Amino acid sequence: MKGKKLAILSALSASVLIISGCSSGSEDSSGVSIEVPDIPMHQAMGEFEGELNIVNWSGFVEPAWTDKFTADTGCKVNPRVAGTSDEMVTLMRTGQYDIVSASGDAALRLIVGGDVQPLNIDLIPNFSDDIAAGMKGNVYDTVNGKPYGVPIGRGANLLQYNEDVTGGAPESWDVVWELDTPYKGKITAYDAPIYIADAAVYLMYHKPELGIKNPYALDEAQLAAAIDLLKQQNQVIGEYWSDPVAQITSFVGGNTVVGTSWEVLRKFAGKENLKTTLPVEGSTGWFDSWLVSSTTKNINCAYAWMDYTSKPEVNGAIAVNFGMAPANTAFCASSPEAQAHCDTFFAEDEEFFKRIWPWTTPIETCVDGRKDVKCTSFQDWTNAWATVKG
Amino acid sequence: MTQMTQVVAKKQSKPISSYLLRRTKVRLLSILAPPMTWIVGVYIVSLFLLLITAFWNVDPFTSLVSPGFNLENFKMVLTVPAYIATSIRTLLIALAVTAICIFFAVPLGIYMAKIAKPWVRNLLAVAITLPLWAGYLVKIIAMRLVFTEEGFFNWAMAPFGIRGPGFSIPIVILTLTYLWFPYMALPVYTAIRQIPPNLFDASSDMGAKGFTTIYRVVFPLITPAVIAGSVFTFSLSLGDYLAARFTGGATQMIGSIIAQNINLNPPVAAAYSMIPIFFIVIYLMVARRTGSLERM
């Protein structure tokens, strides 16, 4: 506890940071300029340091592919599994880890906090044209035109439903949001502040007068509207889930009929009557990338790891093991099984993923490019989220 | 003479003992040092660090924690309606769990200590302690599975037309009661065993019926045990959040909010953890007033 505190303190003193909407950095495609600590990137590959400490989602780092990596480079892999994005951020700030498999909601926090460094893509040959277009250059891991992340894979937050009860696929998310839902008390929702974005996605479609252009760029009035919607949902909800096992038992046990899910959870549940759909409003999703600590002592091992895991076969193995769309779409053509996996998870379907808003940390700089207002930060979202459940 | 030398020689072979024998203060210090190091180093210091953190700031951009002094976190904990509602809800849940545990532990204790045959008594003692052998999370997940829509409870009760309430506050109370019942049942049983049988005879001779005896004779004698047990059931319930997460549906307890904030906003988590500490202190003060802490 004490050690962690000290580490947080030292991380803080090491990085003085300011974000401002009117700074004069080069702007990326979305027209957003975010001021970040100036951290130099790695210039040329050197000798391997012999070890690599990874913070990762369960299933991302397995002997099936780390053994070969260690044999090739001599870098011993020490994985540490984290359960949530927030835990990942906390772990990375201890300074004990070299690389992290961060989702977009953790990535931007780490970038703005100076905890991770910009990447030299020239040193990662496998970061090629085969990487899905929709996973490159997104605001959660590319700031002011500088890439900070190497894509791993992605998945959508879909609407799962019990077909025996609903009859068919619900066309809209309204079955989980509105008071007149036929499934009152049998609804589940994701239990984290980032779920506020799902409310915002629904409002974008149904209340255009609020002017929400990006569910992660909410000004105070827009956040209040999203929280009102979440409070309304709280009256009809059965359960919030953050633990995948709890979500699966809830659907299988009949307590839940409709709610947020991932394709991989539906597969694990193994029930014919459980299906997923992407409703008309679109949805949010998690896009994961490797981010390298700004204080790493094992930089060459980290680059070698990012290059190695971007190979079609390794990237595919991670995606199959976790249950997500691989970032490297060259994997899909490698075998009929791989193709089937890619089809299930929409890996090559950019039209599908265009309707998905990748998790992005909300920050005060509006990531939709607005400059006349201050947007709500993740801290505001966290505080607001606690009021939803009452 | 030779015997004497032997004794002296033996004494000299224990230099530490003979040193301590002469210096009572050093002796006391060496006995108290390990537990005091433990209490101060582990309990007090970590509690102090927690209290300090509650006054610290969080950077709104990055969620980085920085030392400082502000009362915003406490203000939030004490003014946001959702936090107040959660505090009250958790307090009521903990009180309900404690009341239910007492309600079942006293008759069970009387039966085990005074009525049951020795083999029944042993069987019951094993039955009460058996759940302690299983993992805490395992028991919560088991309760979750029992009370799912298509779970054991609804299946077993279907012939009677009874359906469970689904995941909600009553199920949280039930789960917590199940988890902490042994901590109430065991001290109560031990206390009842120590009541001399002739007190029951005397009570009966003077015309008291069963309930009067329990109320007028047994209960005053076992109050210290009940208080001891209730400190466990009450404080453990106050701090729990996994029961609410897995069997509570949308139920939020104090621990749920602390767990939610522990990574996102540690100062708010620290400030909010003062609420259960405050409740426990009040509880102990009330218990002290009844005089039962002195007799514990």
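Me: What makes two residues count as being in contact?
Reply: Two residues are in contact if their C-beta atoms, placed from the backbone, lie within 7 Å. In chain A of this predicted model, 74% of the contacts with a separation of 6 or more join residues 24 or more positions apart.

Me: Why is the radius of gyration of chain A said to agree with a compact globule?
Reply: The rule takes 2.2 Å times the number of residues to the power 0.38. For 390 residues that gives a value near 21 Å, and chain A has 21 Å, so the two agree. Along its principal axes, the C-alpha trace of chain A spans about 65 × 50 × 40 Å.

Me: What makes a residue of chain A count as buried, and how many percent do?
Reply: A residue needs 20 or more other C-beta atoms within 10 Å of its own. By that cut-off, 51% of the 390 residues of chain A are buried.

Me: Why is helix H4 of chain A called largely enclosed?
Reply: Nine of the nine residues of H4 (residues 104–112) are buried, so the rest of the structure largely encloses this helix. Among them are Asp105(A) and Arg109(A), along with Leu108(A), Leu110(A), Ile111(A) and Val112(A). Just after H4(A), Gly114(A) has a positive phi of about 75°. The secondary structure of chain A comprises 15 helices and 14 strands.

Methods:
Residues are numbered from 1 along each chain as its sequence is written. Chains are lettered from A and ligands numbered from 1 in the order in which they are written. This is a predicted model: local features need pLDDT of at least 70, side-chain atom pairs count only at pLDDT 80 or more; totals for chains, interfaces and linings use all residues. A residue is buried if 20 or more other C-beta atoms lie within 10 Å of its own, exposed if 12 or fewer, and partly exposed in between; C-beta atoms are placed from the backbone. Helices (H or I, at least four residues) and strands (E, at least two) are DSSP runs, numbered from the N terminus.
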